[in-house]
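Look at the sequence and the 3D view first, then read on.

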Amino acid sequence: MTAEPLDILLTFARLGLVSFGGANLPEIERVLVEQKGWITPQLLANGFALGQVMPGPNMLAMTHYGFAAGGWLGAFAATLGFYGPTALLSAAAMTAWQRLSRWRWLPSLRSALLPFGAGVLLAGVLVLARGSIHSPAGALIAAASFALLWRTCVNAALIVVGAAVLGAVLGL
Amino acid sequence: MSAPTTPAASAAPATPTPPPTPAGLLRLFVGVALVGIGGGLPAHTRRALTTRGWMTDAEFAEAYTLAQLTPGPNAVNLAAMIGARLLGGGGAALAVVGILTPGLIAMLTVTVFTLGLPGGLPPAVQSGLRGAACAALGVMLTAALPVLKVTAGIRFGPTLAVITFLLLAVLRADLLLVLAGTVIVGLILHRPRSGE
């Protein structure tokens, strides 16, 4: 099954433009898994995990999903679509910033967007939990990783790699 | 964050530093991506910029706040904004290419290996990936905490966050409708008072 590169480009552009404050996992799951059928829940979780140990932004998982949907062209279409329009918008917003910073509705907009972002993040945790936790041992690894990250300053990539080794040894 | 810093007072660095060049900007963001394995990209970006004297803390805080408001991945938005501020449109493109290239090469390499295998993944690798995915859930939770904390301080913030969560996770509502609804309600609740 190979999807059209243009379809991939437009789909991922839309996903980028509706991500606020991080990964919009609920929408990614709804579109890529349920609507388009390009990836499985397992691949969604795998790609997200891989993104944590890659240099640079964590959402390089999009490249992984794009490759699954349409090979090399799909990978590039997904990356360009996800990062291109939002980067353009950001650069434009920066150049308009001086005017925007005195705009009296700006704090209101921030207060309106943040609760939405928090709700999206919470829903994302649920999506990820459904895709990745299949056993009590998995739940324990997730809880332990969270505790370690929260309480210590161990690098997140090290914890993810450690959990991968543990998973392989336990045969999760 | 609320310390009284005036951008004008900190605009002139004590020692003259070489101005940003296209090659230097590209190198800076490739470096940020390489040290930023596991997250924390904005913090690395801030360090790299202030040690070079290319941006003050106040200017960085401005860009960082703005990056939260625009859609898309924050670290990449931040790179585009800083590139645009330092060297215009070309600078924005270079910054984005710089921050994405190392991970793109690494991700494509791993992807071709894991997805290209004809019989699927070997059991040990799939088990390892399952373990990594569980840890990634922990990472996701810690990334959500600061946003939840700020939201808790906003009037009606927790209520709107819970409603958003229920609409998306339980009722699987369309995201754009939820976004439009919560933003309109939020804007009405937080409209600027006349006379401010």
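The text below covers confidence, the two chains and where they meet.

**Basis.** Residues are numbered from 1 along each chain as its sequence is written, while chains are lettered from A and ligands numbered from 1 in the order in which they are written. This is a predicted model, in which local features need pLDDT of at least 70, side-chain atom pairs count only at pLDDT 80 or more, and totals for chains, interfaces and linings use all residues.

**Confidence.** pLDDT is the predictor's confidence in each residue, from 0 to 100. Chain A has a mean pLDDT of 86. In chain A, 97% of residues reach 70 or more. Helices (H or I, at least four residues) and strands (E, at least two) are DSSP runs, numbered from the N terminus.

| Helix of chain A | Residues | Mean pLDDT |
|---|---|---|
| H1, highest | 5-17 | 94 |
| H5, lowest | 97-100 | 69 |

**Domains of chain A.** Chain A is split into domain 1 (5-132) and domain 2 (134-172). These bounds come from an automatic or database domain assignment. The domain centres, taken over C-alpha atoms, are 24 Å apart.

**Chain B.** Chain B has seven helices and zero strands. Of its 196 residues, 40% are buried (20 or more other C-beta atoms within 10 Å of the residue's own, with C-beta atoms placed from the backbone; 12 or fewer is exposed, in between is partly exposed).

Now take one helix. H6 of chain B covers residues 157-170. Helix H6(B) has 14 residues and reaches 19 Å from first C-alpha to last. That is close to the 20 Å expected at 1.5 Å a residue (the expected span is 1.5 Å times one less than the number of residues). Its buried residues include Leu160(B), Thr164(B) and Phe165(B). Which elements cover them? Among them are H2 and H6 of chain A, and H5 (123-152) and H7 (175-189) of chain B. After H6(B) comes Arg172(B), with a positive phi near 50°.

**Where the chains meet.** Two residues are in contact if their C-beta atoms, placed from the backbone, lie within 7 Å. By this rule, 85 residues of chain A contact 82 residues of chain B. On the chain A side, H6(A) gives the most, with 22 residues. That side has 56 nonpolar, 25 polar and four charged residues. Here Ala, Val, Leu, Ile, Met, Phe, Trp, Tyr, Cys and Pro count as nonpolar, Asp, Glu, Lys and Arg as charged, and the others, Gly among them, as polar.
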